[in-house]
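Thank you all for coming.

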Amino acid sequence: MSTSPEHRPTTAGAVDGVPDPAVRRRPPRDAVRRALLDAAAELFARGGIDATSLDDVARAAGFTKGAVYSNFGSKDGLVDALAEDRISAYLDLGLAAVSDVAVPLEQQARDLGDRLSAAAEEQRDWHLLFLELWQRAVRGEGSQAFRERRRDLHGAVTAAIAEHVDAAGVAAPLPAEELATVLMALSNGLAIERHADPGSVADDLLGRVLVVLMGAAPPGRPADVAREQTRGEAQSSVDQ
């Protein structure tokens, strides 16, 4: 009986040299796609998209190149699918951090910043890959999938910000779409700084910045205290 060329069966568990049928069974299509995407994410991030072959990706995932073609059609198709997969995961992570609109806006801002900062540390490969996808998009290389997914992400973040600001009953300091742009830029920029110089970015910095950005910091925050102290000193000098 022939086996699929997309999957290399092992003889582990074989009896008298005959592979166990359970071992030869083709894995579910979703599992194949997941394995290929995970392998591509790691290899593309560490070696570069152009320098990594489809054979490399397939081998790392435990399949042949035919599995890549049957699931993604081409290398560009794999890159596009990977961009969509990772950006969708990023969005889901952020939305999960602020899923309860009843939580005070200040706490939501802190939770979101802390979760995104933790993800930047946990998913270093994604940020390396993001930089290469960004460079390719800026140069006009490949398809428009990365740009399109980024626009989708921006739209979803904008909608989430508008919903949470409305639920909190506060006036946002900027339009929701501009806040979404700033949030995405801060998250990506601080992740780059963190990777370039480990230890230079405090774990809670993004959360604290988001609190200030949203105007959600309570009275008596450090900036307010310093401002009042400066005013008091100035007034004292005038009185004297």
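Let me begin with a question: in which helix is A167 found? A167 is found in helix α8, where helices (H or I, at least four residues) and strands (E, at least two) are DSSP runs, numbered from the N terminus.

Before going on, a word about where the values come from. This is a predicted model, in which local features need pLDDT of at least 70 and side-chain atom pairs count only at pLDDT 80 or more, while totals for chains, interfaces and linings use all residues. Residues are numbered from 1 along each chain as its sequence is written, and side-chain values use heavy atoms, with hydrogens and water left out.

Now, back to A167, which counts as partly exposed at 45% relative accessibility; here buried means under 20% relative accessible area, exposed means over 50%, and partly exposed is in between, with a 1.4 Å probe and protein chains only. The C-alpha atoms of A167 and V101 are separated by 6.4 Å, although these residues are 66 residues apart along the chain. E163 also lies in helix α8, and E163 is partly exposed as well, with a relative accessible area of 46%.

Of the 240 residues in the protein chain, 35% are buried. Of the contacts (heavy atoms within 4.5 Å) with a separation of 6 or more, 64% are between residues 24 or more positions apart.

How do α5 and α8 sit against each other? The axes of helix α5 (residues 75-97) and helix α8 (residues 145-168) come within 9 Å and cross at roughly 15°. Axes are lines fitted to C-alpha atoms, for helices over the stretch in contact, and angles run from 0 to 180 degrees between N-to-C directions. The two helices, α5 and α8, are therefore roughly parallel to each other, since angles under 35 degrees count as roughly parallel, over 145 as roughly antiparallel, 65 to 115 as roughly perpendicular and the rest as oblique. Among the residues that meet are D80, A83 and E84 in α5, and F146, R149 and R150 in α8. By class, this contact of α5 with α8 has 11 nonpolar, no polar and four charged residues, where Ala, Val, Leu, Ile, Met, Phe, Trp, Tyr, Cys and Pro count as nonpolar, Asp, Glu, Lys and Arg as charged, and the others, Gly among them, as polar.

Helix α2 (residues 29-47) packs against α5 at an angle of about 90°, with their axes 10 Å apart. That makes α2 roughly perpendicular to α5. The contact of α2 with α5 divides into eight nonpolar, no polar and six charged residues.

Finally, the core. In soluble globular proteins, nonpolar side chains tend to be buried together. A nonpolar core is a set of buried Ala, Val, Leu, Ile, Met, Phe, Trp, Tyr and Cys residues joined through side-chain atoms within 4.5 Å. Of the 53 residues in the largest nonpolar core, L36, F44, L78, L129 and L133 touch the most other members, and α5 gives the most to this core, with nine residues. Leaving aside residues up to four places away in sequence, L133 touches I49, V79, A83, W126 and F146.
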